[in-house]
Amino acid sequence: MNLPNLITIGRILLIPLFLLVFWSGRPYSIQWAMLVMALAGASDIIDGYLARKLNLITSIGKILDPLADKLMIAAALTSLYLVGLVPLWLFLLIILKELILVLGSGFVVYKREYDVSANAGGKIATVSIYAALFFVSFGLPAQNLFLYMAGIMALLSFINYLYRYYCFIHRKTKS
């Protein structure tokens, strides 16, 4: 266990806090919860930077880091959908994408055959989803544009992961 992994575990522990704040019913609870999500996002940047800078990249970190992102996105997206701020199409697209990626990643990690660490497309999709959720939560202008961008980036990221996995399987069957 190292500092970047501890920060990642801290991000996972922020998810119940996010839900508690979101569903508290207090004034501006949604916006306060989004600030908890922003804290998780900032700590994601910090743990990734420290892991690379201090050469502390670990196998468990490669699994926990994207899992922390997926769990926070699932909590925020589901909550925002349930209060009517996120459309059904985006909710289903992102939740199904994340579920398939988690199940697929779990399978290939179990088989120890494929590196499932995040790539640039996945990171861009995550940032675009976070941005869309913020725009919606705070009622900012252009929120629909950000929702569509998040949907497109999520779909492109998913296609990219499928293509990478297909190339891996195709290469493996040739050997």
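1. A salt bridge here is a side-chain nitrogen of Lys or Arg within 4 Å of a carboxyl oxygen of Asp or Glu. By that rule, the whole structure holds 6 salt bridges. Keep in mind that this is a predicted model.

2. One of these bridges joins the side chains of Arg-11 and Asp-65, at 2.7 Å from N to O. The pair ties together distant parts of the chain. Arg-11 sits in helix H1 (residues 3-22), and Asp-65 sits in helix H3. The two residues are 54 residues apart.

3. Now the domains. On the domain 1 side, 21 residues make contact, and they meet 20 residues of domain 2.

4. How much area is buried between domain 1 and domain 2? The figure is about 1900 Å². Carbon and sulfur atoms give 79% of that area. Three residues stand out on the domain 1 side: Lys-70, Ile-73 and Leu-77. Together they supply 33% of what domain 1 buries against domain 2, more than any other three residues.

5. Polar links across this boundary can be listed briefly. There is 1 salt bridge between domain 1 and domain 2. There are 2 residue pairs in polar contact between the domains, counting pairs with both residues at pLDDT 80 or more. As for named side chains, Glu-98 and Lys-70 meet in a salt bridge, with 2.9 Å from N to O. Lys-70 is also among the three residues that head the buried area of domain 1.

6. Which helices each supply at least two residues of the side of domain 1 that touches domain 2? They are helix H2 (29-53) and helix H3 (59-82). H3 gives the most, with 13 residues. By class, this side of domain 1 has 14 nonpolar, 3 polar and 4 charged residues.

7. Last, the annotation. An unreviewed UniProt entry places the feature "transmembrane region" at residues 6-25, 32-51, 71-96, 116-139 and 145-163. Two of these spans can be set against the model. Residues 32-51 are 100% helix and 0% strand, and their end C-alpha atoms lie 29 Å apart. Residues 145-163 are likewise 100% helix and 0% strand, with end C-alpha atoms 27 Å apart. The positions come from the UniProt record, and such annotations may be inferred rather than shown by experiment.

Note on methods:
Residues are numbered from 1 along each chain as its sequence is written. This is a predicted model: local features need pLDDT of at least 70, side-chain atom pairs count only at pLDDT 80 or more; totals for chains, interfaces and linings use all residues. Side-chain values use heavy atoms; hydrogens and water are left out. Contact means heavy atoms within 4.5 Å. Buried area is the accessible area (1.4 Å probe) that two parts lose on being put together, summed over both. A polar contact is a pair of N or O atoms within 3.5 Å; within protein, one must be able to donate a hydrogen and the other to accept it, and residues adjacent in sequence count only if both atoms are side-chain atoms. Helices (H or I, at least four residues) and strands (E, at least two) are DSSP runs, numbered from the N terminus. Ala, Val, Leu, Ile, Met, Phe, Trp, Tyr, Cys and Pro count as nonpolar, Asp, Glu, Lys and Arg as charged, and the others, Gly among them, as polar.
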